[in-house]
There are 2 protein chains.
Amino acid sequence: MAAPGRYLEDFTVGLAFRSPRAIRVTAERIKSFAAEFDPQPSHVDEGTARGSLFGELVASGWHTAAVAMRLIVDSDLGLSGQGAGVAIESMRLPRPVRSGDELRVEGAVTEVRPSRSQADRGVVKFQALVYNQRDEVVLEAAHVIMVRRRR
Amino acid sequence: MAAPGRYLEDFTVGLAFRSPRAIRVTAERIKSFAAEFDPQPSHVDEGTARGSLFGELVASGWHTAAVAMRLIVDSDLGLSGQGAGVAIESMRLPRPVRSGDELRVEGAVTEVRPSRSQADRGVVKFQALVYNQRDEVVLEAAHVIMVRRRR
């Protein structure tokens, strides 16, 4: 269950968030996501993955990024309802995600400011780290979102 | 049909690529992607989207990013088989994607260099711009991938 949506005035620099539960990534979903969005040998099938740079089936980075978003929406950051993603300032994928990995997110708000051009909204930046079940970072991203101000 | 996979030695700065066909984003897929990965009001349902910052159903930025990856894999960039995404240096979503939008990609390689630590591979950077059917940019991203060298 996501936290209630925050307005710009409810965000502060340093505000920390985390996902309430882990999401398990299955081989079936790795392969079906890849078939639709990223049909490269390392993602679509165990057999073709053996000959790839990874040597085994790994999730598309875009699959990992999508799971990361779900973890963020489910977290106590309180995005739901007020926000709109506008940019990613950087995203790194230091380790691959494999079948059976269980992912969770931790993060913190890094910047909060009113929009220069639109009086009804503002900009929030936050850093999000996705960990696997061995507490290794699999994704690190700096998000920029647009958030409503209270009227 | 994707182009044959390129090795590091086959990439050059300025090498341009484009998708052979557009991908149409449907309301059904916007909603089902959001239900799994980004269940915010602007993405999950036309009704809840009316009260959101966008005022109408729009695709999750991560859905747009995943479609962008498919367009890149299908393009003549020649990723398939040799590459591994390691980072995104920046990603902007200047306009939302709506139901019925038809997306295509154009891009170019910006950097090619051998890896400092691993002799069998190298780094390729490329810029990708995703356009809708009105030739408006909906996503712009700077990709960093690891690519095999010829033996």
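This is a predicted model: local features need pLDDT of at least 70, side-chain atom pairs count only at pLDDT 80 or more; totals for chains, interfaces and linings use all residues.
**Exercise 1.** Find where A:P20 sits in chain A, and decide whether A:P20 is buried or exposed.

*Solution.* 
- Step 1: Look at the elements on either side. A:P20 lies in the loop that links β1 (16-18) and β2 (23-24) of chain A.
- Step 2: Count the neighbours. A:P20 has 12 C-beta neighbours inside 10 Å, so A:P20 counts as exposed.
- Step 3: Compare sequence with space. A:E106 is 86 residues away from A:P20 in sequence, yet their C-alpha atoms are 10.0 Å apart.

**Exercise 2.** Work out which residues of helix α1 (residues 27-37) of chain A are buried, and what they pack against.

*Solution.* 
- Step 1: List the buried residues. In α1 of chain A these are A:I30, A:F33, A:A34 and A:F37.
- Step 2: Ask how they are arranged around the helix. Because they cover an arc of only 100° around the axis, they are on the same side of α1(A).
- Step 3: Look for their partners. Within chain A, the buried residues of α1(A) pack against α2 (41-44) and α4 (61-74). Chain B takes part too, through its own α4 (61-74).

**Exercise 3.** Identify the strands that pair with β3 (residues 83-92) of chain A.

*Solution.* 
- Step 1: Start inside chain A. Eight bridges connect β3(A) to β6 (residues 137-148) of chain A, and the two strands run antiparallel. In this pairing, A:A87 has A:V144 as its bridge partner.
- Step 2: Now cross over to chain B. There β3(A) pairs with β3 (residues 83-92) of chain B, again in the antiparallel sense, over four bridges.
- Step 3: Check some positions. A:I88 stands opposite B:M91, while A:R92 has B:A87 as its bridge partner.

**Exercise 4.** Describe the side of chain A that touches chain B: which elements build it, and how do its residues divide by type?

*Solution.* 
- Step 1: Count both sides. Chain A gives 32 residues to the contact and chain B gives 31 residues.
- Step 2: Name the elements. On the chain A side, α2, α4, β3 and β6 each give two or more residues.
- Step 3: Find the largest share. That is ten residues, from β3(A).
- Step 4: Sort by type. The chain A side has 19 nonpolar, eight polar and five charged residues.

Key. Residues are numbered from 1 along each chain as its sequence is written. Chains are lettered from A and ligands numbered from 1 in the order in which they are written. A residue is buried if 20 or more other C-beta atoms lie within 10 Å of its own, exposed if 12 or fewer, and partly exposed in between; C-beta atoms are placed from the backbone. The arc is that of the directions from the helix axis to the C-beta atoms. Two residues are in contact if their C-beta atoms, placed from the backbone, lie within 7 Å. Two strands pair if DSSP finds at least two bridges between them. Ala, Val, Leu, Ile, Met, Phe, Trp, Tyr, Cys and Pro count as nonpolar, Asp, Glu, Lys and Arg as charged, and the others, Gly among them, as polar.
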